[in-house]
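Please consult the sequence and the structure shown here alongside the text.

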Amino acid sequence: MSESEIAIKVENLDKIYKLYDHRRDRLRDALGLTKKKIYHEHYALKDVSLEVHKGETVGIIGTNGSGKSTILKIITGVLNPTAGNIEINGRISALLELGAGFNMEFTGIENVYLNGTMIGFSKAEIDEKLADILDFADIGDFVYQKVKTYSSGMFVRLAFAVAINIEPEILIVDEALSVGDIFFQNKCYHKFEEFKKAGKTIVFVSHDLSSISKYCDRVILLDRGVKLGEGTPKVMIDMYKKVLVHQLDAKPDSNASSFNRGGSKKDGENQPKLWQDRMVLNPSKDIYGSGLAEIIDFCCVDNSGEVTNTIVKGDSFTIRMKVHFNTRIQQPILACSFKNRMGVEITGTNTMFEHIDTGNPEEGDELIVNFTQEMSLQGGEYLISFGCVGYRDGEFTVYQRMYDIFSINVISSKDTVGYYDMGMETTVEKVAK
């Protein structure tokens, strides 16, 4: 590819931070009062290289602390790299820390002109865009008030409106599409799609894997400052799922163009003994019960047989639970349920509802129950709970319950209204005159 077709080129990028054990060490080092090395080096980015082509939408994903925001700040000039080269071909607008350049003593209008000037626009150019910016922000006469009087919602709406209406050649987005209420978010996504259709170059960082899957042509995966690979959204999301549960092996997918980290393992070597060890679990889990039976293992399995916290909408998946019995129990009821982020129970089932005969397990027996279905929930995160209950001597007894033990992230490229997708087939016909 010719240089004229490259919007962003990053070569061998390093970003190192000095970490000091004591505050006084930072001062001593800054003043050159010691010849010894009194700090530790932390690589926020290490030898990262990448290219973004003009008109391309590239996503960057990775766990917290992987260097995603750091690389965007270096690309936009907010941070300086420790080593490496950056080449930018085109005018950039960045949706990073919204409103970072606002003066709280200025009015909204004054801040629009301040930010526009900082980006490189003349007053005449900002005059032309002012109506679009104010219409997009939709905060009424508050634009004539000092920004320090704004609610947090009004503040981010105005900051986003300024950044998104600058008409850049390159748009840098860092988790910024989730600001404001649902109607403003919808407006932001429409604007984002307009940029993409107009052939603008977009670099997009997000933990929302559904948005990454829907909008990105190519995805780059970072982990602890190192570039693990780049390729199609599906391939990189699958690799990311393994990173989340520390199960990344050395085999790169044929669709991935680079793969810089990992080591092959022999079968069984250092492999987790429990299914749950491959899952990202809730550190604040709530477990209780009589202890006559115990849920000793559990997981979620995708349609390729991988244990994972991430499922693609429309794919088949299985929630699996293993129960150990400490005494003889008649017809135990084994249950699984889904809650949304607010803790509202969305759906669930159990072996009694499904008319499954669980028998009368004896002391020391173990049962595995598999709840398998096609994922029809909308994109988002859901909390999974388990239960083993039943009737003992005529009384309802909770042998063990696990609330919100792990979450499932549903990746969706198309959502409908409500919590689940009805799977409707929609057609439109033109009426003949």
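Is Cys336 buried or exposed? With a relative accessibility of 6%, Cys336 counts as buried. The model discussed here is predicted.

## Cysteines and disulfides

A disulfide joins the sulfur atoms of two cysteines through a covalent bond. Cys336, accordingly, is in no disulfide, and the nearest cysteine sulfur, that of Cys300, lies 9.1 Å away.

For Cys299, the closest cysteine sulfur also belongs to Cys300, at 7.3 Å, which is too far for a bond. The cut-off for a disulfide is a pair of cysteine sulfur atoms within 2.5 Å. Cys299 is itself buried, its relative accessibility being 0%.

## Position and burial of Asp302

Asp302 is located in the loop that runs between β12 (293–301) and β13 (310–312). Its relative accessible area is 12%, so Asp302 falls in the buried class, for which the limit is under 20%.

In sequence, Asp302 and Arg278 are separated by 24 residues. In space, the C-alpha atoms of Asp302 and Arg278 are 13 Å apart.

## Surroundings of Asp302

When residues up to four places away in sequence are not counted, Asp302 touches Lys241, Thr308, Ile311 and Ser316.

A polar contact links the side chain of Asp302 with the side chain of Ser304, at 2.8 Å.

Technical notes: Residues are numbered from 1 along each chain as its sequence is written. This is a predicted model: local features need pLDDT of at least 70, side-chain atom pairs count only at pLDDT 80 or more; totals for chains, interfaces and linings use all residues. Side-chain values use heavy atoms; hydrogens and water are left out. Helices (H or I, at least four residues) and strands (E, at least two) are DSSP runs, numbered from the N terminus. Buried means under 20% relative accessible area, exposed over 50%, partly exposed in between (1.4 Å probe, protein chains only). Contact means heavy atoms within 4.5 Å. A polar contact is a pair of N or O atoms within 3.5 Å; within protein, one must be able to donate a hydrogen and the other to accept it, and residues adjacent in sequence count only if both atoms are side-chain atoms.
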